Amino acid sequence: AARLTGEQLRDRLVECEQAIAMLQATQAEAMVQMGARARVADQAETAASGVSLWTRERREQVVPDEIGVLLGCTKMAATVRYGTACHAADLPVVQRAWRSGVIDARKVATICEQVAHLDTADAHPLAADAVGYVTEPGRSRTGPQLREWLRRRVIAANPAAAEARRQRAMADRRVVITPTGDGMSELWALL
């Protein structure tokens with residue numbers, strides 16, 4: 001790197017980011033395949049034994065645990081990564097963009113999270129628009145910019161569903177006071 005010109009260093013930086021995104025997409029595809037194989041094994045075991053999947057632990061349930069162990073991360077982090085991988089696999093345009101390195105895992109997660117509330121007929125075109133928005137030539141868009149852009153379009157795509165989500169969220173409003181000791185308390189609010 002010390003021998004590169006300033007422009008070459010900037011190019012290298014971008015190339016590395018694209019390579020990281022490509023590797024993340026490859027890793028995500030491996031996670032999806034682990035889940036698919038677990039589902040097949042679960043179905044085969046159910047067919048052979050006649051015991052319902054709901055009466056025993058399924059292999060598919062422990063895929064995030066296995067990912068966490070293999071990658072040295074928490075179950076929560078592994079579950080989030082596995083969920084993003086599965087959602088991206090259902091959105092071919094997002095998966096292709098990720099695999100080619102033009103969007104990173106954070107932007108993939110944002111797209112998947114935002115369009116998850118839509119039916120397939122609305123989700124796929126909006127996901128394609130989101131990839132176009134974030135990869136528009138000459139423009140650099142951040143994850144938060146993408147989230148806000150998508151949030152508005154998800155509401156516009158299905159206003160009734162957005163209102164139902166808002167009503168459910170309002171029903172979950174709460175304020176929690178938790179004693180922490182030494183006469184102190186922690187105040188937490190979801191408003």
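Modeller: The model is a predicted one, and the description below should be read accordingly. With a relative accessible area of 5%, alanine 123 is buried, because the limit for that class is under 20%. Leaving aside residues up to four places away in sequence, alanine 123 is in contact with Leu91, Val115 and Leu118. Isoleucine 111 lies twelve residues from alanine 123 in sequence, and the two C-alpha atoms are 9.5 Å apart in space.

Residues up to four places away in sequence being excluded, leucine 146 touches Lys107, Thr110, Ile111, Ala130, Tyr133 and Val134.

Tyrosine 133, one of those contacts, also takes part in an aromatic pair. A search of the whole structure returns one such pair. In it, tyrosine 133 and tryptophan 149 are stacked, with their centres 4.4 Å apart and 10 degrees between the planes. Since tyrosine 133 belongs to helix α6 and tryptophan 149 to helix α7, the pair ties together parts that are 16 residues apart in sequence. Both tyrosine 133 and tryptophan 149 are buried.

Helix α7 also carries a charged pair. Arginine 152 and glutamate 148 both lie in this helix, four residues apart, which is about one turn of the helix. Their side chains meet in a salt bridge, with an N to O distance of 3.5 Å. Arginine 152 counts as partly exposed because its relative accessibility is 42%, and glutamate 148 is partly exposed at 33%.

The structure contains ten salt bridges. One of them joins the side chains of arginine 59 and glutamate 45, at 2.8 Å from N to O. This pair links distant parts of the chain, for arginine 59 is in the loop between α1 and α2, while glutamate 45 is in helix α1, 14 residues apart. Arginine 59 has 38% relative accessibility and counts as partly exposed; glutamate 45, at 29%, also counts as partly exposed.

In helix α8 (residues 159-171), glutamate 163 and arginine 166 are three residues apart, so about one helical turn separates them. Their side chains form a salt bridge of 2.7 Å, N to O. Glutamate 163 is partly exposed, with a relative accessible area of 35%, and arginine 166 counts as partly exposed at 38%. Elsewhere, salt bridges with shared partners join Asp42, Glu45 and Arg59 into one network.

Isoleucine 177, in strand β1 (residues 174-181), counts as exposed because its relative accessibility is 61%. Together with Val175, Leu187 and Leu191, isoleucine 177 makes a nonpolar surface patch of about 500 Å².

Notes: Residues numbered from 1 in each chain as written. Predicted model: local features only at pLDDT ≥ 70, side-chain atom pairs only at ≥ 80, totals over all residues. Heavy atoms only, no water. Contact = heavy atoms within 4.5 Å. Patch = residues over 30% accessible without salt bridge, like charges linked within 9 Å, V, L, I, M, F, W, Y side chains within 5 Å. Areas by Shrake-Rupley, 256 points an atom, 1.4 Å probe, with all protein chains shown as cover. Salt bridge = Lys/Arg side-chain N within 4 Å of Asp/Glu carboxyl O. Helix = DSSP H or I, 4+ residues; strand = E, 2+ residues; numbered from the N terminus. Buried < 20%, exposed > 50% of the residue type's maximum accessible area, 1.4 Å probe, protein only. Phe/Tyr/Trp six-rings, centres within 6.5 Å; stacked < 30°, edge-to-face > 60°.
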